Every structure is written in structure tokens, then in C-alpha cells.
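Thanks for coming, everyone. Let me put the structure up, and then we'll go through the charges, the loops and the overall fold.

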Amino acid sequence: DAAALSQAKALFEAGQAAFAQAHYAQALDQWMLALQLVPDRVSLLTNLSAALIKLQRYQDAERYASQALQQDPTSSMAWKNLLQARQWLQSSSDGGTNASHHNVIDTLNDPNRLAISRAQALIAEQRYAQALAIYDGMLEVNPAQLPALIGKSLILARLPDQRVALEFMQQALRHHPSSQDLWINHGLILSNAGRHNDALVAYQKALAINPANP
């Protein structure tokens with residue numbers, strides 16, 4: 001009701017003020033109270049994930065960022081928080097905190113790397129249509145963008161109709177005939193289409209580029 005919305009707004013603004021002064025625990029408390037009044041509010045979920053990252057509670061941050069993206073898959077801030085939380089979690093398991101942290105910052109400052117990371121996260125969640133839309137957007141800007149070509153080819157390999165995938169691979173390989181990844185993906189698609197002899201040729205071309213590729 002109106003009273004709950006007004007109270008939630010006041011709590012939200014109080015949390016913003018606390019966050020701006022680096023009082024992250026206080027901001028978290030204010031936003032958690034607000035969330036009880038207006039559940040599933042994207043702005044609250046996103047801000048909660050940001051505060052939790054500051055407090056180094058990365059699993060909780062990942063959870064709230066994911067909830068925000070369920071409500072609004074286009075929220076760039078939620079994507080950034082999700083990526084940053086996952087990178088910190090990965091660095092904790094790998095023991096490579098400093099290197100991973102710098103990788104996060106580099107990614108967030110590079111629109112192409114951020115877009116690719118978003119697409120990879122969507123693929124991991126089997127949200128292929130949304131990931132495909134990201135790669136298509138990148139290829140509209142630059143039809144020869146190699147990471148986008150590789151990513152799109154992997155998604156197309158999962159589709160029932162491999163004719164579309166094969167046509168796409170012909171275009172991709174014209175842009176990058178020396179890409180071992182594209183030749184490997186081409187082999188996968190050919191094999192999916194039942195063209196196993198042609199797939200072997202594609203894999204042999206990939207091996208010619210990099211004989212040590214396992």
C-alpha cells in the first residue's frame with residue numbers, strides 16, 4: 001500500500017546515504033528492511049548485492065544479483081555485481097585473489113568483455129536465446145568479432161537444425177580461417193549433422209593450426 005511504499009522509499013534513501021559514506025553494513029540493514037516491504041524490487045536487490053560485495057559476502061551478493069536479473073535481465077548494474085561476485089568466489093577457490101580482482105576490473109571497464117561475460121553466464125543457465133541476442137548485437141557492430149563468432153557458434157551447435165549453424169560457420173571462417181576454435185566448433189556442428197568425415201577434416205585443420213591442442 002501507499003504507506004509501505006513510502007516507508008520503503010525512506011529506507012532505500014537512508015541506505016543510499018549510508019553506502020555513499022562507506023557504511024556498508026548500515027546500508028545493508030536499511031535495504032533489507034525495505035525489501036521486506038517491497039520484495040523483488042530490482043533496485044533494492046541490485047543495491048543489496050553491491051553492499052554484500054563491499055562486505056565480502058560474495059555468495060549472498062551472487063544470490064541477490066541473480067534475483068535482480070530474474071526480474072530484469074537487462075540490468076547492467078546487476079550483471080556487473082553478478083560477475084564481480086562470481087569472480088571473487090572463483091579467486092577464493094583458486095587462491096588467485098589479486099589476479100582475479102584485476103581481471104574483474106578489466107572486464108567491467110571493457111564493454112565487449114562485459115557483454116561476453118554476460119553471454120557466458122546466460123549460457124551456463126541455459127538461457128540460449130538471450131545469450132544469442134548479446135552475440136548478435138556484438139556482430140552487428142563488428143561482423144568479424146572473433147569471441148562473438150565463437151560464442152554464437154557454440155550456441156548454434158545446440159540447436160536442432162544444424163543447417164543454420166553450418167551456414168553461419170561458413171561466414172565465420174571467412175573472417176577467421178586460422179582460428180582453431182572456429183574449426184573445432186565447425187567439426188562439432190558437422191558431427192551433429194551426421195557428416196563425420198567432414199568433421200574429421202575440420203578437426204585436422206584445427207590440429208594443423210595447433211598440433212598440441214588436446
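How many salt bridges does a search of the whole structure find? Six. A salt bridge here is a side-chain nitrogen of Lys or Arg within 4 Å of a carboxyl oxygen of Asp or Glu.

Ground rules before the details. This is a predicted model: local features need pLDDT of at least 70, side-chain atom pairs count only at pLDDT 80 or more, and totals for chains, interfaces and linings use all residues. Numbering runs from 1 along each chain as its sequence is written, and side-chain values use heavy atoms, with hydrogens and water left out.

Take arginine 195 and aspartate 198: their side chains meet at 3.0 Å, N to O. Arginine 195 is partly exposed, at 39% relative accessibility. Aspartate 198 is partly exposed too, at 35%. For the terms: buried means under 20% relative accessible area, exposed means over 50%, and partly exposed is in between, with a 1.4 Å probe and protein chains only. Elsewhere, shared partners join Arg57, Asp60 and Arg63 into one salt-bridge network. Within it, arginine 57 and aspartate 60 meet at 3.0 Å, N to O. Arginine 57 has 40% relative accessibility, so it counts as partly exposed. Aspartate 60 has 22%, so it is partly exposed as well.

Next pair: glutamate 62 and arginine 86, at 2.9 Å, N to O. Why does this pair tie together parts that are 24 residues apart in sequence? Because glutamate 62 lies in helix H4, residues 58-71, and arginine 86 lies in helix H5, residues 76-94. Helices (H or I, at least four residues) and strands (E, at least two) are DSSP runs, numbered from the N terminus. Glutamate 62 is partly exposed at 23%. Arginine 86 is partly exposed at 28%.

On to the loops. Aspartate 40 sits in the loop between helix H2 (24-37) and helix H3 (42-54). Its phi is near 70 degrees, a positive value in a residue other than glycine. Aspartate 40 is partly exposed, at 46%. Glutamine 56 sits in the loop between H3 and H4. Phi of glutamine 56 is near 65 degrees, again positive in a residue other than glycine. At 59% relative accessibility, glutamine 56 counts as exposed.

What about helix H9, residues 146-156? Eight of its 11 residues are buried, so H9 is largely enclosed by the rest of the structure. The buried ones include Lys152, Ser153 and Ile155.

Back to the surface. Leu154, Leu188, Leu200 and Tyr203 form a nonpolar patch, with about 320 Å² of accessible area together. Patches take residues with over 30% relative accessible area and no salt bridge: like charges are joined within 9 Å, nonpolar side chains (Val, Leu, Ile, Met, Phe, Trp, Tyr) within 5 Å. Areas come from the Shrake-Rupley method with a 1.4 Å probe; for residues, only the protein chains shown count as cover. Leucine 188 belongs to helix H11, residues 180-192. Leucine 188 is partly exposed at 33%.

Last, the whole chain. There are 12 helices and zero strands. The C-alpha trace spans about 70 × 40 × 25 Å along its principal axes. Of the 214 residues, 41% count as buried. The accessible surface comes to about 11700 Å², and 51% of that belongs to carbon and sulfur atoms.
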